[in-house]
Amino acid sequence: MFRRKLTALDYHNPDAFDCTDETQFRNCVVWLEDQKIRHYKIEDRGNLRNIPSSDWPKAYQKYLQDVNCPFGVQERQEALDWLLGLSVRYEYGDNVDKYKNCEPLAAAGSKAADPLIHLDVNSPDFKAGVMALANILKIQRHDDYLVMLKAIRILIQERLSQEAIAKTSQNKEGIPVALDKHILGFDTGDATLNEAAQILRLLHIEELRELQTKINEAIVAVQAIIADPKTDHRLGKVGR
């Protein structure tokens, strides 16, 4: 699950990296700090570099706190994935001119590659990203992260697209309506509920008017096509 980021960082033998192997894991953390992150001064990296030491977990816990990692020692995969993401960010920041001109990879033919084809839905990075978006957009959590991602997509398309933003940005001054002049037709027995029902009915009528307007526009568009027939005189005949 770390191969893509390790490859991007030019880590040696990323295909064979095993996060569950303690020695490989510690070596990887030290390599990231020495080569990419460089949060500590060289003289302050002694405890972290002392890989065989039994106190290394303490040094690693302190290191995670110093770099403001949201994960702890027990969350090994999540913490390492976060460190890799931080390293990629620093790598890009150090070589902006090198990477800004890179062209996106394209699939076979003229079609662009689908970014979801190689998506690892079980990766901590994916889950953390979906959860962060869901929290920002106030979307209810779900056990299936793909369901949450679909909900995020629908919300963005319907509420945050350019058309939706342009529509909401149009200032429409409403006309004051006296609710007491509109007959509800039934009585709920509660004055507050009666007002709410009147408001809902008026909103529904407004939606019906908008729908009728769109229907009329569609009818006019169709009539413009079929109500102006063109006569081909070459097909005409005189007599039988």
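Figure 1. The protein chain has 240 residues, of which 22% count as buried, where buried means under 20% relative accessible area, exposed means over 50% and partly exposed lies in between (1.4 Å probe, protein chains only). If one takes the contacts (heavy atoms within 4.5 Å) between residues at least 6 apart in sequence, 35% of them join residues at least 24 apart. Residues are numbered from 1 along each chain as its sequence is written, and side-chain values use heavy atoms, with hydrogens and water left out. Because this is a predicted model, local features need pLDDT of at least 70 and side-chain atom pairs count only at pLDDT 80 or more, while totals for chains, interfaces and linings use all residues.

**Figure 2. Confidence along the protein chain, with a view of residues 107-112.** The pLDDT, the predictor's confidence in each residue from 0 to 100, averages 81 over the protein chain, and 83% of the residues score at least 70. Over residues 107-112 the pLDDT is below 50, and this stretch has three contacts in the model beyond near neighbours in sequence. Where pLDDT is low, the predicted coordinates should not be read in detail.

**Figure 3. The packing of helix 4 against helix 5.** Two packed helices are described by the angle between their axes and the distance between the axes. Helix 4 (residues 56-66) and helix 5 (residues 76-94) pack at an angle of about 50°, and their axes are 12 Å apart; axes are lines fitted to C-alpha atoms, for helices over the stretch in contact, and angles run from 0 to 180 degrees between N-to-C directions. Helix 4 is therefore oblique to helix 5, given that angles under 35 degrees count as roughly parallel, over 145 as roughly antiparallel, 65 to 115 as roughly perpendicular and the rest as oblique. Tyr60, Tyr63 and Leu64 of helix 4 make the contact with Ala79, Leu80 and Leu83 of helix 5.

**Figure 4. Asn13 and Arg38, two loop residues with positive phi.** Most residues other than glycine have a negative phi. Asn13, in the loop between helix 1 (3-8) and helix 2 (22-37), has a positive phi of about 50° although it is not a glycine. Arg38 lies in the loop between helix 2 and helix 3 (46-49), and its phi, also positive, is near 55°. Arg38 is partly exposed, with a relative accessible area of 41%.

Key:
Helix = DSSP H or I, 4+ residues; strand = E, 2+ residues; numbered from the N terminus.
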